[in-house]
Amino acid sequence: MKRDPRTIMLTFGRSLKLKCPVCGRASIVQRPFNLKHRCDSCGTIFKREEGFFVGAIMANVVATEVFILIAYFALLLLTTLSDRATFIILFALAIAFPLTFYHHSWSLWLAMDHLIEGLPRGKRSVPPA
């Protein structure tokens, strides 16, 4: 697989839209907090072996920590809120951010895996005529 800057940006652009990192035509999301097993369009397998998505979970945790630190310093420098109000806002963000970033962390993990070693393709199911 070519790994020129255009291909890398295209793959990450697809992942930010929650689309298949290989073809970009189908969504990776089946329903909230559940990924499809494979791409409806090209047959690329999204759900791999046990433990494959530990990295996606780790990415979600790290992104949440970074987001909370940035929010903390922004609140500290830009507002005059009390410590209690700041804590309540940060706590709410710490609950909401990982839930909203959940699918994106999985999508970014799939994109990185695709760029590094390529995602496996399974047999495509033929739609009934």
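Reader: Which residues make the nonpolar surface patch of about 640 Å²?
Author: The model is predicted, local features need pLDDT of at least 70, side-chain atom pairs count only at pLDDT 80 or more, and totals for chains, interfaces and linings use all residues. Residues are numbered from 1 along each chain as its sequence is written, and side-chain values use heavy atoms, with hydrogens and water left out. Patch members have over 30% relative accessible area and no salt bridge, with like charges joined within 9 Å and nonpolar side chains (Val, Leu, Ile, Met, Phe, Trp, Tyr) within 5 Å; areas come from the Shrake-Rupley method with a 1.4 Å probe, and for residues only the protein chains shown count as cover. The patch is made by Phe33, Phe87, Ile88, Phe91, Ile95 and Leu99.

Reader: Is phenylalanine 91 buried, partly exposed or exposed?
Author: Phenylalanine 91 sits in helix α3, residues 83–116; helices (H or I, at least four residues) and strands (E, at least two) are DSSP runs numbered from the N terminus. Buried means under 20% relative accessible area, exposed over 50%, and partly exposed in between (1.4 Å probe, protein chains only). With a relative accessibility of 49%, phenylalanine 91 is partly exposed.

Reader: What is the phi of phenylalanine 33?
Author: Phenylalanine 33 belongs to the loop between β1 and β2 (34–35), and its relative accessible area of 44% makes it partly exposed. Most residues other than glycine have a negative phi. Phenylalanine 33 is not a glycine, yet its phi is positive, at about 65°.

Reader: What is the phi of leucine 18?
Author: Leucine 18 is in the loop between α1 (5–16) and β1 (29–31). Its relative accessible area is 17%, so leucine 18 is buried. Although not a glycine, leucine 18 has a positive phi of about 60°.

Reader: Which residues does alanine 26 contact, leaving aside its neighbours within four places in sequence?
Author: Alanine 26 is in the loop between α1 and β1 and is buried, at 8% relative accessible area. Its C-alpha atom is separated by 6.0 Å from that of serine 41, 15 residues apart along the chain. Contact means heavy atoms within 4.5 Å, and the residues in contact with alanine 26 are Leu18, Lys19, Cys20, Cys39, Asp40 and Ser41.

Reader: Which side chain meets aspartate 40 in a salt bridge?
Author: A salt bridge is a side-chain nitrogen of Lys or Arg within 4 Å of a carboxyl oxygen of Asp or Glu, and the count by this rule is one. The N to O distance is 2.6 Å, and the partner is lysine 36.

Reader: Which residues touch the most other members of the largest nonpolar core?
Author: A nonpolar core is a set of buried Ala, Val, Leu, Ile, Met, Phe, Trp, Tyr and Cys residues joined through side-chain atoms within 4.5 Å. Beyond four places in sequence, phenylalanine 46 has contacts including Cys20, Ile28, Leu35, Cys39, Phe53 and Leu110. Of the 17 residues in the largest core, those that touch the most other members are Cys20, Ile28, Leu35, Cys39, Phe46, Phe53 and Leu110.
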